[in-house]
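Hello,

Please find the structure we discussed below. My notes on it follow.

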Amino acid sequence: MSEKSEPKQWSLASREKRPSPFGSTLFVGLRAADAVLQYSLLRQGWANNAVKALGGNALPTIGAGPLGLTPYGLILTSLAVGASIKHIVWRIFIAEQETQPGAAIIICADNTGFNTVNTLLSAWALCSAAPTNLPLSASISDVLFSSPSLIAGVALFSVGLVTETYAEFQRKWFKSKPENKGKPYGGGLWSLATHINYGGYTLWRAGYAIAAAGPVWGLIAGGIFFYDFTQRAIPVLDRYCTDR
């Protein structure tokens with residue numbers, strides 16, 4: 001293989017299967033804190049203030065609905081909470097490899113960074129997927145079904161999150177059987193694609209971005225993760241599996 005086509009060798013994921021109580025606790029705590037942060041950005045008006053400070057026209061983020069948010073804000077917060085729960089479930093119930101503290105910080109910072117951009121863009125009238133022709137008292141269903149971008153984003157988010165999570169549980173159940181130790185898993189959802197979990201992650205990341213700021217930002221966000229997976233994560237993982 002030429003030097004130009006050699007895959008990047010760095011990876012945040014440790015392949016050592018051993019307990020890592022500090023790194024795991026740090027990961028879980030940071031992912032839980034992200035959900036609180038995204039909620040606070042809307043509930044405390046911080047996202048609104050940030051948009052105004054940048055010279056943009058901000059949409060209202062504080063409402064009289066549940067948790068003191070607008071219906072649209074509640075939908076966006078639900079996506080952030082869903083993403084955090086998914087990662088916490090993965091770390092506690094699925095992952096067997098250790099989570100090093102440095103990796104936990106970088107991975108969580110990456111997720112929080114993208115989520116924060118989503119939250120800020122959702123409060124910016126120029127690009128927000130929030131419907132502007134409904135009163136703040138509108139129901140969540142009215143808000144959801146009045147915005148094509150919001151419907152598409154929530155649908156992609158749901159499909160991607162379920163796909164990634166279920167695929168990882170399928171592989172976990174397969175490898176938990178002693179007779180399958182060291183064997184690759186190609187059944188279930190994995191029969192559809194070798195790296196179906198990465199595909200699911202890219203889908204829900206793109207969906208979250210679409211629900212926040214429409215299809216353009218969704219394509220950009222999804223493209224960033226697609227590029228990272230195809231140019232770094234997947235080649236490194238394939239190299240690891242081949243060397244085994």
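The model is predicted. Its largest nonpolar core has 30 residues, and those touching the most other members are Tyr 72, Leu 150, Trp 204, Tyr 208 and Trp 217. Two or more residues of this core come from each of α3, α4, α5 (140–144), α6 (148–175) and α7 (196–243). Helix α7 gives the largest share, twelve residues. Leaving aside residues up to four places away in sequence, Trp 217 is in contact with Phe 114, Val 117, Asn 118, Leu 121 and Ala 209. Another core, of eight residues, lies apart from the largest one; Leu 42, Ala 47, Val 51 and Ala 123 are among them.

Next, the helix pair. The axes of α1 (residues 21–43) and α4 (residues 101–122) are 9 Å apart, and the two helices pack at an angle of about 10°. Angles under 35 degrees count as roughly parallel, so α1 is roughly parallel to α4. On the α1 side the contact includes Phe 22, Leu 26, Phe 27, Leu 30, Arg 31 and Asp 34; on the α4 side it includes Pro 101, Ile 105, Cys 108, Asn 111 and Asn 115. By class, the contact of α1 with α4 consists of twelve nonpolar, eight polar and two charged residues.

Finally, a backbone point. Leu 67 is not a glycine, yet has a positive phi of about 65°. Most residues other than glycine have a negative phi. Leu 67 sits in the loop between α2 (46–53) and α3 (71–94). Its relative accessibility is 52%, so Leu 67 counts as exposed, the cut-off being over 50%.

Regards

Note on methods: Residues numbered from 1 in each chain as written. Predicted model: local features only at pLDDT ≥ 70, side-chain atom pairs only at ≥ 80, totals over all residues. Heavy atoms only, no water. Axes fitted to C-alpha atoms, helices over the stretch in contact; angles between N-to-C directions. Helix = DSSP H or I, 4+ residues; strand = E, 2+ residues; numbered from the N terminus. Parallel < 35°, antiparallel > 145°, perpendicular 65-115°, else oblique. Contact = heavy atoms within 4.5 Å. Nonpolar A, V, L, I, M, F, W, Y, C, P; charged D, E, K, R; others polar. Buried < 20%, exposed > 50% of the residue type's maximum accessible area, 1.4 Å probe, protein only. Core = buried A, V, L, I, M, F, W, Y, C linked by side-chain atoms within 4.5 Å.
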